[in-house]
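User: I would like to learn how to read a few features of a protein model. Please give the general idea before each case.

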Amino acid sequence: MKIVVLVKYVPDATGDRRFEPDSTVDRDGVDGLLCELDEYAIEQALQIKEARADEDIEVTALTVGPDDAEGALRKALQMGADNAVHICDEDIAGSDALATSLVLAEAVRKANDGAVPDLVVTGMASTDGGMGVVPAMLAERLGVSQLTLASVVETEGDRVRIRRDGDTATESVVATLPLVLSVTDQSGEARYPSFKGIMAAKKKRLETWDLADLGVDASLVGQDASRTTVEATAARPLRTTGEIVKDEDGTGAAALADFLAGKKFI
């Protein structure tokens, strides 16, 4: 079985994130790291491999991003992925989700010698974009089923069953391999790289490909080819002082109720 895990190198959410003049995310002015939500995808791929130890299963971590994105792959290898692929090409910069899914689809096929792998695992979204649409787009481009937003994952033979927890209901959904699977941050705590894993990762294969290697025309990706664009950005307003409700004369409860009603909380 071949499992490909898609990961992303994102700006640190605790840093001072900014936009470039062309409204793309500034990825040089802030430290980056492996997207936290993608760590759950790596964990689920590794758990599937461990649960099916009698099978020959290979886990490949794959990312699209600038030179620094190699750091995300290094952590995936330290966690236990067998090898990694880095798609790095300046022409990809500024691509929206649709253009990115094209690159990912071709990269996923190439990582499996031109065929669709048994399983592609992703996180529920990226912490820099937060759209959560790439798994569905990727499944469409690969022509396979999709199981999304899984909080529990179980496999048996060529069948994958997930539990999807919604706001009003819980669903149990089953699909047959090959498929694209996205998992939530409720699917299980991601493991920390061990010292043994960190040392072993130094010997694992990490390949770098560009658009030419994938056979993707540069005119189909990048900011100019994207179907969506950011028209404007603004800094988050500074936090203002909240309103204090006092109860010195017994009117505090009424004042609090009026405040909540005014904000349409009640």
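This is a predicted model: local features need pLDDT of at least 70, side-chain atom pairs count only at pLDDT 80 or more; totals for chains, interfaces and linings use all residues.

Analyst: The protein holds seven helices and 12 strands, and its C-alpha trace spans about 75 × 45 × 40 Å along the principal axes.

User: What share of the 266 residues counts as buried?

Analyst: Buried here means under 20% relative accessible area. By that cut-off, 39% of the residues are buried. The accessible surface comes to about 15,200 Å², and carbon and sulfur atoms account for 48% of that area.

User: Which residues of helix α2 are buried, and why do they line one face of the helix?

Analyst: An α-helix has 3.6 residues a turn, so residues three or four places apart point the same way. In α2, residues 70-79, the buried ones are A72, L73, A76, L77 and M79. Viewed down the axis of α2, these buried residues fall within an arc of 160°, so they line one face. Just after α2 comes G80, with a positive phi of about 145°.

User: How many bridges pair strand β8 with strand β9, and in which sense do they run, parallel or antiparallel?

Analyst: In a regular strand the side chains alternate between the two faces of the sheet. Here β8 (residues 152-156) and β9 (residues 159-165) are antiparallel, with five bridges; V152 has R163 of β9 as its bridge partner. The two strands form a hairpin with two residues between them, and G157 in the turn has a positive phi of about 65°.

User: What joins β9 to strand β10?

Analyst: Seven bridges join β9 to β10 (residues 170-176), again in the antiparallel sense. R161 stands opposite V174 in β10. This pair also forms a hairpin, with four residues between the strands.

Terms used:
Residues are numbered from 1 along each chain as its sequence is written. Side-chain values use heavy atoms; hydrogens and water are left out. Buried means under 20% relative accessible area, exposed over 50%, partly exposed in between (1.4 Å probe, protein chains only). The arc is that of the directions from the helix axis to the C-beta atoms. Accessible areas come from the Shrake-Rupley method with a 1.4 Å probe; for residues, only the protein chains shown count as cover. Two strands pair if DSSP finds at least two bridges between them.
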